[in-house]
Amino acid sequence: MNEIEVAQISCGSEYTGIQHEIESAAEQVGAKIIFPDIDLEEVEAAEAKFGLKVTSPDLKLMLARAISVVEGHTTADAVFIGTCFRCAEGALVRNEIRRYVHDKSGLPVISYSYTERTTADTLLTRMEALTTIAKRRSLLAREKQSGLTAGIDSGSTTTKAVIMQDNEILGFGWVGSTDVLESAEEAYSIALSESGIERDAVQAIGVTGYGRFMLGKSFNADLVQEEITVNSKGAVYLADRHKGAATVIDVGGMDNKAISVQDGIPGIFTMGGICAGASGRFLEMTAKRLGVDITELGKLALAGKASNISMNSYCIVFGIQSLVNSLSKGARHEDVAAAACYSVAEQVFEQQLQEVEVREPVIMVGGTALIEGLPQAMRELLQAEVIVPPYAQLIGAVGSALLSSGFIEE
Amino acid sequence: MANIFIYPSNSLILYDLVERFGHKPLAVMQEIKKRVTTAGIDSPPLNITPEDPKIGLKYAAVEVPAGVRGRMSLLDPLLEDSEAAILVEDAPIGFGCMGCQRTSELVGFLIRAKRIPILELSYPTSDDAAENFVYQISEFLNGLGDGKEAKNE
């Protein structure tokens with residue numbers, strides 16, 4: 001396989017001091033960063049051609065580079081678009097270029113706003129997904145699981161494992177994450193036992209999630225894959241929406257993913273992990289404060305009204321404080337549960353869904369999708385069809401088992 | 001000989017003019033050269049490291065984009081050493097640019113706040129305006145006192 005060439009269209013990365021981090025992340029996934037070569041005249045003509053007037057010269061250069069990629073003057077397999085975090089003009093340009101490149105070139109695109117603290121590790125999963133989409137289209141075209149395969153998803157909060165045979169889930173294990181390998185072993189053993197399958201009978205195994213590299217070595221996995229690709233495939237598979245557009249939302253324990261999907265292949269995606277107030281952890285803390293099990297929080301929320309509660313912050317600490325204040329004033333537990341779900345959905349909507357094209361159906365996955373109040377809040381916010389497929393909590397494991405079956409035939 | 005801050009800070013034409021009139025141009029190329037020739041720093045292409053935007057906090061708070069603060073760390077020694085300045089507005093990219101309009105706005109403000117002699121010019125768009133442009137620069141630089149007369153070339 002030739003090296004994947006990722007065209008970088010950015011402003012400020014060299015002055016932020018993180019250009020080598022971008023290049024290092026690309027290198028780690030077998031990709032190479034290239035910069036579209038542009039003449040001065042092309043930079044000066046870019047605004048008129050693109051139709052967007054900007055004042056910063058480096059943003060004009062970004063426009064010219066985007067045009068070069070779309071018009072085929074630059075050959076690339078994927079595109080990385082970046083601007084400085086908190087630059088309003090940069091954000092406008094980044095968003096418009098992302099849309100433009102995605103719509104006009106069909107190349108996989110990722111956009112990111114960086115600070116001086118951005119590291120290669122932060123970018124690695126995104127870069128891995130970008131290159132996978134570029135180089136493994138045939139694998140991603142798989143719509144059915146075949147043979148006897150296993151998938152393990154080593155998440156930040158829980159570890160999931162599934163055993164699949166001939167397009168059916170035979171059994172699964174779902175345990176809290178402690179030690180990466182021990183939790184994976186436990187979940188896998190449960191899945192095998194529930195399936196009545198001997199370990200040696202498994203023909204291929206795929207791993208994903210934060211601990212995927214460790215699991216890959218330990219389980220001698222056929223597929224070691226980041227969550228963007230795996231969850232996209234898992235979501236369209238479980239929701240039976242292989243063809244056409246869809247948006248996958250995964251509110252995780254540590255970070256959230258929003259992925260715009262076409263025919264099961266991720267197009268534009270974002271990963272957020274800055275604020276815990278938009279994570280499953282916030283819902284877990286709310287359930288604890290309300291004295292209910294996390295599995296009961298969703299039903300409680302459905303019976304409540306979020307607007308009855310005043311939430312002044314998205315922060316996990318101040319958000320909980322708002323809920324506690326409401327409880328001290330006699331608020332109904334149902335309303336508090338609904339407000340917590342709405343707060344998480346609203347934050348995902350405001351901070352992440354603005355960066356992807358939200359196209360129906362919206363498929364919510366991950367353990368949090370089972371907290372009924374959350375998909376309901378998302379439905380209200382988006383005014384769109386929101387699907388929670390069966391086994392939504394196993395999305396990464398199912399996606400891994402599905403994709404790894406491609407290795408049996410190979 | 002005075003230290004003349006020029007903006008755009010990488011303008012070769014301004015650099016050359018200042019030098020011809022016997023003063024010392026303060027340009028960003030000098031700062032970049034220092035970085036790329038310093039052994040032990042490995043942060044290509046400019047050898048700006050993630051520490052530099054922190055130096056830029058001297059001029060702009062943390063809510064200002066890191067790219068602006070990184071540029072300010074490059075310009076910091078130039079601003080510090082400047083005794084006079086020539087600023088050219090609305091110049092085309094080929095004349096020189098720092099890439100970021102927000103940086104340009106901040107630099108313009110900071111240099112004006114220093115209360116040093118400043119010549120502010122618009123980029124010339126005709127031959128006559130170009131002659132006048134060079135003339136104004138020569139008058140400004142000669143008026144700074146200890147600069148040499150322009151070479152008659």
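Visitor: In which sense do strand E11 and strand E12 of chain A pair, parallel or antiparallel?
Guide: This is a predicted model. Strand E11 covers residues 256–262 of chain A and strand E12 covers residues 265–272. Over 6 bridges, the sense of the pairing is antiparallel.

Visitor: Which strands of chain A are the edge strands of the open sheet?
Guide: The sheet is open and mixed in its pairing, with 9 strands in the order E2-E1-E3-E4-E12-E11-E10-E13-E14. An edge strand here pairs on one side only. In chain A the edge strands are E2 (31–34) and E14 (386–387).

Visitor: Which elements of chain A do the buried residues of H15(A) pack against?
Guide: Helix H15 spans residues 373–382 of chain A, and its buried residues are Gly373(A), Leu374(A), Pro375(A), Gln376(A), Ala377(A) and Met378(A). After the helix comes Gln383(A), with a positive phi near 50 degrees. The buried residues of H15(A) pack against strand E10 (245–251), helix H12 (294–302), helix H14 (333–351), strand E13 (362–365) and E14.

Visitor: Which element gives the most to the side of domain 1 of chain A that touches domain 3 of chain A?
Guide: The domain assignment of chain A sets domain 1 at 4–135, domain 2 at 143–228 + 395–409, and domain 3 at 242–388. The C-alpha centres of domains 1 and 3 lie 30 Å apart, and 10 residues of domain 1 are in contact with 7 residues of domain 3. On the domain 1 side, the elements that give two or more residues are helix H5 (88–105), strand E4 (109–114) and helix H6 (120–135). With 4 residues, the element that gives the most is H6(A).

Visitor: Which element gives the most residues to the largest nonpolar core?
Guide: The largest nonpolar core has 126 residues, and those with the most contacts inside it are Val6(A), Val79(A), Val162(A) and Cys341(A). Beyond its neighbours within four places in sequence, Val79(A) is in contact with residues including Val6(A), Ile9(A), Val101(A) and Val109(A). With 10 residues, the element that gives the most to this core is H14(A).

Visitor: How many residues are in the second, separate core?
Guide: This core includes Val18(B), Leu26(B), Leu78(B) and Val88(B). Buried residues make up 40% of the 153 residues in chain B. The second core has 35 residues.

Visitor: What is the radius of gyration of chain B?
Guide: Chain B has 6 helices and 4 strands, running β-α-β-α-α-α-β-α-β-α from the N terminus. The globule rule gives 15 Å for 153 residues, and the value for chain B is close to that, so the chain is as compact as a globular protein of that length. Its C-alpha trace spans about 45 × 30 × 30 Å along its principal axes. The radius of gyration of chain B is 16 Å.

Visitor: How many residues does the contact take from chain A and from chain B?
Guide: The contact draws on both chains, and its residues number 23 from chain A and 22 from chain B. On the chain A side, the elements that give two or more residues are helices H1 (13–16), H2 (19–28), H3 (40–50) and H4 (57–70). By class, this side of chain A has 9 nonpolar, 8 polar and 6 charged residues. The counts asked for are 23 residues from chain A and 22 from chain B.

Definitions and conventions
Residues numbered from 1 in each chain as written. Chains lettered and ligands numbered in written order. Predicted model: local features only at pLDDT ≥ 70, side-chain atom pairs only at ≥ 80, totals over all residues. Contact = placed C-beta atoms within 7 Å. Nonpolar A, V, L, I, M, F, W, Y, C, P; charged D, E, K, R; others polar. Pairing = 2+ DSSP bridges. Rg over C-alpha atoms; globule rule 2.2 N^0.38 Å. Buried ≥ 20, exposed ≤ 12 C-beta atoms within 10 Å, placed from the backbone. Domains from an automatic or database assignment. Core = buried A, V, L, I, M, F, W, Y, C linked by C-beta atoms within 7 Å.
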